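Please look over the sequence and the model shown here before reading on. The report then goes through the structure one topic at a time.

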Number of protein chains: 2
Amino acid sequence: MRDFLPVDVRRRQFVIDVVRRTYERYGFEPLETPALENIETLTGKYGDEGNKLIFKVLRRGEHESSGETDLALRYDLTVPLARVVAEHRGRLPKFFKRYQIQPVWRADRPARGRFREFYQCDVDAIGSTSPLVEVELCAAVSDILRELGFEDFTLRLNHRAVLTGLLIAAGVDESRHGDALVAIDKLDKIGREGVVREFSERQIAPAAADRLLEAFTAAEPNAATLDRLRAFVTDPEGLSGIENLAQIVALSAPTSAGSALRLDPSLARGLSYYTGAIMEIAVGDLPGSLGGGGRYDGLIGMFSGESIPACGFSLGLERILVVMTDRNMFPSVASASGPQVLVTIFEDRDPARTAEAERQSLALAADLRRAGLRVELYPEADKLGKQFKYASAREAVYAAVLGGDEIARGEVTLKRLSTGSQESVPRSEVASRIRAQLN
Amino acid sequence: MRDFLPVDVRRRQFVIDVVRRTYERYGFEPLETPALENIETLTGKYGDEGNKLIFKVLRRGEHESSGETDLALRYDLTVPLARVVAEHRGRLPKFFKRYQIQPVWRADRPARGRFREFYQCDVDAIGSTSPLVEVELCAAVSDILRELGFEDFTLRLNHRAVLTGLLIAAGVDESRHGDALVAIDKLDKIGREGVVREFSERQIAPAAADRLLEAFTAAEPNAATLDRLRAFVTDPEGLSGIENLAQIVALSAPTSAGSALRLDPSLARGLSYYTGAIMEIAVGDLPGSLGGGGRYDGLIGMFSGESIPACGFSLGLERILVVMTDRNMFPSVASASGPQVLVTIFEDRDPARTAEAERQSLALAADLRRAGLRVELYPEADKLGKQFKYASAREAVYAAVLGGDEIARGEVTLKRLSTGSQESVPRSEVASRIRAQLN
């Protein structure tokens, strides 16, 4: 788990602000849930492996010594969403579009880019099976990536029923579908031969592997992929999945996702709860993805016992931050940690004059702040050289000096710290002068 | 623990944005620490009562069944700050001014306005003993309260050494100082007679109570209070505390805190770690406070073994939210949860025309979002009446209709939902028309 020092917080905040602003424009609304859930809410929802990674909280008071637990830390944002939908159904709109940006905790062994506390940025649209939902999600995610400065991304798109249809058409026995999907999901990493090898290790007929890999050969326009899928798949669910994909592609054309969407029949995504379209962000030659999502019509109703359609997308905030840092994508404003002006306190031999300098410097700082500037006041009267040195270390743009001479003349000396140049500015014009030069 | 539905999150976000923006203007920088700390970091820091209220996390894996704990949930933001200062000293500026707005967890019995998960808004300036630090903190807090719309607040100000000096001068035995402070702290709630009663119950000479209460009689200008304190207190620490208060009052005069500062010798504040000035926000006739703080020069160095001066202020976010809600202080923008425009999807008997309506509505939504509007697209073609009803329930300002007729004419029908009035607007002018009318 990590401390976020100021420059880290600013960068995170910059990305989160873009995400939030974009989702708001799409009519998604913010939801926040408590860090602690009742332990029964979480156990059994993430498989055996997941269960082991849940942080469990000891009961308090007289029960503390029993070693019993009653609460657990949020493990993802989807189960809490399902609980909220069941608990507050009457207060939520028919189509509940929410985003949620909060930390989750998993007792994983830490590794590069993997932390035990990390933020998830989830967006979900609940209550409709319409493909417009997928289209809007893809458009919102594309807007976010473009605004963050990613130009070389694609949104890989596939459909769970199409994957199943491909396996059926290729003659893979239904009992082996799970194994086959695991192997196919690795196509990117292990290549065609790797997949064939995994198939034979998992006792799937090599002929099926050949037929499937043919269907997965990519790098062609979406229309060509759709045609090839239509020719290959024969079961009704698979065929209706293909038409769902065709609709999503057609409706997305005029949106910001249009040019980024790429049908990719090899996209499987690990999670077993998806029931329809699935999506994943790929960026240039980066391994792994910046996020993904899909339709999962069976999950949200788990606490209410109803069937509630849903489709969502999760952005990998930590990974986005790593890539943006590596690629130097942050604008200077997102990293600017220092003040725009450091107001010094002039030290005079005469304590009364030092006290007057303090008063004047305080008043100047107040004026500059009223003008919207980020201002740090040096907290103590001290040698100017020391205060300039501190201002440079703080990466301030300007240092302002108000000594006895300046006070007498009604002026302020402004020092640009990067160049060392100084100028005298009338007291009443300092704020506007700085603002003009900062732009 | 609570779920925050969209309108709750927006209000919290509104207040947090004001707090953050103001602290940034004062040169404070954001810090975030993990929710989980090593358990040894927290135990023993909050007294016996506090220890019992810490949420402790069970060890994972093979140790799970042992009932042992190794991590605990953040209990406040001060101990994590002290740990960060010790751990990252070399990366932090000499004067480290940080704000931190994060949840903390306490296993208290829930009550009105008291929750087991709640946010703290802490701001602390570390590294200087100068009274300018107190002055800047008071000014920043005053700016925040005014920007949130509080006009009737005072900043009560006192000093721990002055309190001690008063007790010494009144002849209270040093062994009873703690008891006396507890009683004095309640003056607001239990009145003069209550304090006298508590004094006698705690075996403090009634004569001392009389002398003290005389010194606490308030409602006079700060200068008069200072004079009275100077006449009453005799010990050197107490006298230097009075001069410290005099400096804070004088230096604050030209700042936004100037008119709000009120010397109050009865202010004690519970926490024992304060070493200098102490402050507390009082609002009109509200019982309790919206926050408080003070100087605590002994605490921040607890993990590094150094003596590091510090002064801080903590705003009670939950309480501020309760009061602002009760007093109806939120501007409409802070509560606006619905979209500005709901774009409908026209349902035609001819599926091809419905598909065209979907495309046109998607394109319109994209245009309006590019113009910065908050837009929700109805996810499915449906009867218009149903979509209008949904738009009203969502508190949208406008519904936009793009049926076959509108498409043919290159127009959009805009319905203002509050009045039901409709107008036809050329497609290219919709965004500017809405923006103009929203302002």
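## Contacts and the nonpolar core

Two residues are said to be in contact if their C-beta atoms, placed from the backbone, lie within 7 Å. In this predicted model, and leaving aside residues up to four places away in sequence, A:Val341 touches A:Leu368, A:Leu373, A:Val375, A:Ala396, A:Val397, A:Tyr398, A:Ala400 and A:Ile434.

A:Val341 also belongs to the largest nonpolar core, which has 243 residues, and the residues with the most contacts inside this core are A:Val341, A:Ala400, B:Val341 and B:Ala400. Helix α5 of chain A, which covers residues 131–148, gives the most to this core, with eleven residues. In soluble globular proteins, nonpolar side chains tend to be buried together.

## Domains and the two chains

Chain A is divided into domain 1, which spans 6–333, and domain 2, which spans 338–438. When their centres are taken over C-alpha atoms, domain 1 of chain A and domain 2 of chain A are separated by 52 Å.

Chain B is superposed on chain A by a rotation of 180° with 0.0 Å of shift along the axis, and the RMSD is 0.0 Å. That is the relation of a two-fold axis. The same surface serves both copies, since 100% of the contact residues of chain B recur in chain A.

## A mostly covered helix

Helix α6 of chain B, made of residues 160–169, is mostly covered, with eight of its ten residues buried. The buried residues are B:Arg160, B:Ala161, B:Val162, B:Leu163, B:Thr164, B:Gly165, B:Leu166 and B:Leu167.

Against which elements do the buried residues of α6(B) pack? Their partners in chain B are the strands β7 (153–159) and β9 (277–283), together with the helices α7 (177–185), α9 (206–216), α10 (222–232) and α11 (236–252). After α6(B) comes B:Gly171, whose phi is positive, near 80°.

Most residues other than glycine have a negative phi. B:Asn328, however, has a positive phi, near 60°, and lies in the loop between α12 (317–326) and α13 (332–335) of chain B. B:Asn328 is exposed, because 7 other C-beta atoms lie within 10 Å and a residue counts as exposed if that number is 12 or fewer.

B:Glu395 likewise has a positive phi near 60°, and its place is in the loop between α15 (384–393) and β14 (398–401) of chain B. Is B:Glu395 exposed or partly exposed? With 16 C-beta neighbours inside 10 Å, B:Glu395 counts as partly exposed.

Terms used
Residues are numbered from 1 along each chain as its sequence is written. Chains are lettered from A and ligands numbered from 1 in the order in which they are written. This is a predicted model: local features need pLDDT of at least 70, side-chain atom pairs count only at pLDDT 80 or more; totals for chains, interfaces and linings use all residues. Domain bounds come from an automatic or database domain assignment. Copies are superposed by least squares on the C-alpha atoms of residues with pLDDT of at least 70 in both. A residue is buried if 20 or more other C-beta atoms lie within 10 Å of its own, exposed if 12 or fewer, and partly exposed in between; C-beta atoms are placed from the backbone. Helices (H or I, at least four residues) and strands (E, at least two) are DSSP runs, numbered from the N terminus. A nonpolar core is a set of buried Ala, Val, Leu, Ile, Met, Phe, Trp, Tyr and Cys residues joined through C-beta atoms within 7 Å.
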